[in-house]
Amino acid sequence: MPNLMLNGGFIGQVSGVLFDKDGTLLNSEAYLFSLAKKRIYKAVEVFMQLQSSESEIEKLKSLLHEIYGVKGENLSPSGCLAIASRQDNLLSTATVFCLLGKDWPLSMSLANKVFSSADVIENQKKYVLNKQTILPGALNFLNKLKGANVTIGLISNDTCSGIQKFLHNHNLQETISSFWSADHFPKKPDPFAVEGLCKELGIEAKQCALIGDADSDIEMANAAGIGISLGYLGGWTQPPKLNSQPHLIKHWDDLSLEEP
Ligand SMILES: [Mg+2]
């Protein structure tokens with residue numbers, strides 16, 4: 001197994017590396033920020049149709065900004081949109097409608113309407129997805145791992161089709177051996193998600209590194225018995241603040257491999 005080096009220092013040996021996607025391999029902030037704005041716009045639209053007052057609409061906007069993690073012109077790396085699955089974001093949105101006095105069936109119906117109509121706008125602007133770029137140095141590191149026969153997996157709360165699009169758009173189908181999505185059971189951050197992916201890849205969790213940009217990624221890795229947990233900080237305008245004390249990477253070039 002090759003040695004994994006961080007800024008030239010040995011941190012362990014690895015036979016596999018599991019990556020988070022959004023904010024770790026992929027610069028997703030602009031795309032997710034634009035998605036948040038579309039969902040908020042559509043939520044206001046459906047809420048106005050219910051003869052809501054001005055103050056109720058302001059409250060709706062403020063709660064959605066908070067939950068999605070919209071901070072000015074940036075998206076928080078620890079907000080629901082950056083971290084959680086589409087389904088979790090849908091439930092959060094329904095909860096906001098509920099907090100504003102709507103019953104649960106109506107709240108769910110409104111949230112579904114908001115998400116599907118935001119999707120329609122999103123699908124008309126396919127170029128936005130293509131604008132998401134791989135973060136600097138990530139591709140080089142992935143190629144180094146592949147060259148050293150280290151198994152590569154992806155563990156993300158994006159949907160299965162979202163991950164397949166990502167792999168296709170960035171030509172990574174041959175590099176990333178397998179993935180675990182929000183459509184798998186259990187989804188991350190359940191530690192059994194890591195166990196499931198390791199089993200699929202045929203590797204031992206303790207011989208793996210897991211790299212993510214959220215405390216939930218690192219805590220999941222630790223609970224699953226992953227050998228080396230790393231936090232990547234370079235994917236957001238406001239870098240994530242990680243309390244779970246992983247090794248920290250500011251740039252993908254901070255990592256290298258050495259023969260043992
Ligand atoms: Mg992430």
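1. The C-alpha centres of domain 1 and domain 2 lie 28 Å apart. Domain 1 covers 3-28 + 132-258 and domain 2 covers 29-128, with bounds taken from an automatic or database domain assignment. Where they touch, domain 1 gives 16 residues and domain 2 gives 13 residues; residues are in contact if their C-beta atoms, placed from the backbone, lie within 7 Å.

2. Please keep in mind that this is a predicted model: local features need pLDDT of at least 70, side-chain atom pairs count only at pLDDT 80 or more, and totals for chains, interfaces and linings use all residues. Residues are numbered from 1 along each chain as its sequence is written.

3. Now look inside. The largest nonpolar core has 41 residues, and Val17, Leu18 and Ala209 are among those with the most contacts inside it. Such a core is a set of buried Ala, Val, Leu, Ile, Met, Phe, Trp, Tyr and Cys residues joined through C-beta atoms within 7 Å, where buried means that 20 or more other C-beta atoms lie within 10 Å of the residue's own. Beyond its neighbours within four places in sequence, alanine 209 contacts residues including Leu4, Val14 and Ile228.

4. An open sheet of 3 strands runs in the order β2-β1-β13, with antiparallel pairing. Strands (E, at least two residues) are DSSP runs, numbered from the N terminus, and two of them pair if DSSP finds at least two bridges between them. β2 (9-13) and β13 (255-258) are at the edges with a single partner strand each, so one side of each has no neighbour in the sheet.

5. Strand β1 (residues 3-6) joins β13 over 4 bridges; asparagine 3 has glutamate 258 as its bridge partner there.

Note on methods. Two residues are in contact if their C-beta atoms, placed from the backbone, lie within 7 Å. A residue is buried if 20 or more other C-beta atoms lie within 10 Å of its own, exposed if 12 or fewer, and partly exposed in between; C-beta atoms are placed from the backbone.
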